[in-house]
Amino acid sequence: MFSNNRRKLLQASGVLAAAGSLGVAGRAQAAAPRVVVVGGGFAGATVAKYVRLWNPQIQVTLIEPNPSHVSCILSNLVMTGATGMSTITLRYDALRTKYGVNLVADRAAGIDTVNRVVTTANGSRLPYDKLVLAPGIDFDPIPGLDSAVLPHAWQAGPQTLALKAQLDSVPAGGTFVMSIPKAPYRCPPGPYERACLLADSLLRRRRAGKVIVLDANSDVVAEPHTFHTAFQTTYAGVIDYRPSSEVLAVDWAARKIVTNWETIAFDAANVIPPQRAGKLVAAAGLLGSDPATRWAPVNPLSYESKLVPNVHVIGDSQGTGQPKSGHMANAQAKVCADALVRYFAGEQPDPAPMTSSACYSPITATTASWLTVVFAYDPATGLMKPVPNTLAEAPAPTKGHYEDMFGWARNLFADSFS
Ligand SMILES: Cc1cc2nc3c(=O)[nH]c(=O)nc-3n(C[C@H](O)[C@H](O)[C@H](O)COP(=O)(O)OP(=O)(O)OC[C@H]3O[C@@H](n4cnc5c(N)ncnc54)[C@H](O)[C@@H]3O)c2cc1C
């Protein structure tokens, strides 16, 4: 291990490269600091891009098994057929060609946080000076639920198309049952948006069915005014909203869902299980020993783990209490990238970071609402807190918001991946 003085010297010269590295073959010769990023979603792609943009001397390697990222944002519109997979499929090419990110098409399988090495499923060993984990979410098991058969579609890709097939399979007058897990989960308004679009789709196809929404929460978690209004007016008689209803088991063969209150028959279903940080986060010891801890405790000035030094966690896996959205993942990634660039220059992180989140929710085939909030670092508590009067939802869904949604999404996609 390097002494603090030596580390400071190398940081100050901007070439911290070999700290703690003598046990790793070839590492002592490396000239540049090494950042390894795991996961190429909104969080991982953005941090990889911005570290390189702000200091091209830093080597950045992004480990991601998929050839492109399929965005959850706008994916409910693929479910309804309003748009196609190509709209939400984001390529990694620009990260490599424009910013010089080294892409490793593999899955991170293990992390040695003492010797600072990531091992991949194919057996590569990637040493790092700083590691950023952005693996998104993992799901709790639900007895009888096989997501390969009954999709959650809370990670986009094949699951999105499987959900579309569920929707397309609803017979005339049939029942679609969907469930919402206890918060916090990815994209607070997302499940309510999905309920609206399922109902809209059934109405437009003249199937006159029913959408039963089982919410494990005691009330609508996000945009309550917008969604209560939609459920009670636009979709009155179609959406049947049942709060405090937790899915305990699924019987696929009998097409029944068991909740804490009742057993419900379905023709098609979408069970979204309770969520936690991506698997690798727990495996690396970043959740500590309490099994109740679902999200990684981090310092929001740099997103460095509070438990394991030199490992940063951003995006949906982090546990700062900020909403789990792609917009927020992108904002956190920039705070983290800035902190990493400063670290290698021997500087402290920005003491007053701010982040923001925005979610657009289509409510019908032609209208959408939005939700937004700004967060600022509170030095007294060390937490990110909502800035007063910034938490806002659209007064009503409109056609204009629906059009703005595509511009907002295009900007976010470009800022993260292009
Ligand atoms: C229906 C829906 C609608 C949404 N709408 C909005 C919206 O309007 N606005 C908004 O801001 N957000 C929205 N979101 C939320 C947004 O999609 C997520 O918050 C965002 O994707 C989180 O980004 P992330 O990078 O943390 O995780 P992810 O996007 O899930 O990326 C994680 C990546 O890590 C990779 N990975 C995982 N494990 C490993 C491993 N071991 N090795 C290597 N790679 C690994 C995965 O392959 C994946 O590419 C929506 C979500 C849903 C489901």
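A residue counts as buried under 20% relative accessible area, as exposed over 50%, and as partly exposed in between. The exercises below apply this rule and others to a predicted model.

**Exercise 1.** Determine whether K334 is buried, partly exposed or exposed.

*Solution.* The relative accessibility of K334 is 25%. Buried requires under 20%, and exposed requires over 50%. K334 therefore counts as partly exposed.

**Exercise 2.** Identify the salt bridge that K334 forms with an aspartate, and state where the two partners lie.

*Solution.* The criterion is a side-chain nitrogen of Lys or Arg within 4 Å of a carboxyl oxygen of Asp or Glu. K334 and D415 form such a bridge, with their closest N and O atoms 2.5 Å apart. K334 belongs to helix α10 (residues 326–344), whereas D415 belongs to helix α11 (residues 399–417). The pair links distant parts of the chain, 81 residues apart. Together with K49, these two residues are linked in a network of salt bridges. By the stated criterion, the count comes to 18 salt bridges.

**Exercise 3.** Describe the salt bridge between R342 and D338, including the accessibility of each partner.

*Solution.* The two side chains meet at 2.9 Å, N to O. Both residues lie in helix α10, four residues apart, which is about one turn of the helix. R342, at 25% relative accessibility, is partly exposed. D338, with a relative accessible area of 23%, is partly exposed.

**Exercise 4.** Classify the partners of the D140–R294 salt bridge by accessibility, and locate them in the chain.

*Solution.* The closest N and O atoms of D140 and R294 are 2.7 Å apart. D140 is in the loop between β10 (137–139) and α6 (158–168), and R294 is in the loop between α9 (279–283) and β19 (298–299). These positions are 154 residues apart. D140 has 16% relative accessibility, so D140 counts as buried. R294 has a relative accessible area of 25% and is partly exposed.

**Exercise 5.** Check whether the end-to-end distance of helix α7 agrees with its number of residues.

*Solution.* Helix α7 covers residues 190–204, which makes 15 residues. The expected span is 1.5 Å times one less than that number, so α7 should span 21 Å. Its end C-alpha atoms are 21 Å apart, in agreement. Of the 15 residues of α7, 13 are buried. R206, which follows α7, has a positive phi, near 55 degrees.

**Exercise 6.** State where D129 lies and what its side chain reaches.

*Solution.* D129 is in the loop between β8 (125–127) and β9 (130–133). Its relative accessible area is 0%, so D129 is buried. The side chain of D129 reaches the backbone nitrogen of R34 at 2.7 Å.

Notes: Residues numbered from 1 in each chain as written. Predicted model: local features only at pLDDT ≥ 70, side-chain atom pairs only at ≥ 80, totals over all residues. Heavy atoms only, no water. Helix = DSSP H or I, 4+ residues; strand = E, 2+ residues; numbered from the N terminus. Buried < 20%, exposed > 50% of the residue type's maximum accessible area, 1.4 Å probe, protein only. Polar contact = N/O pair within 3.5 Å; in protein donor to acceptor, adjacent residues only side chain to side chain.
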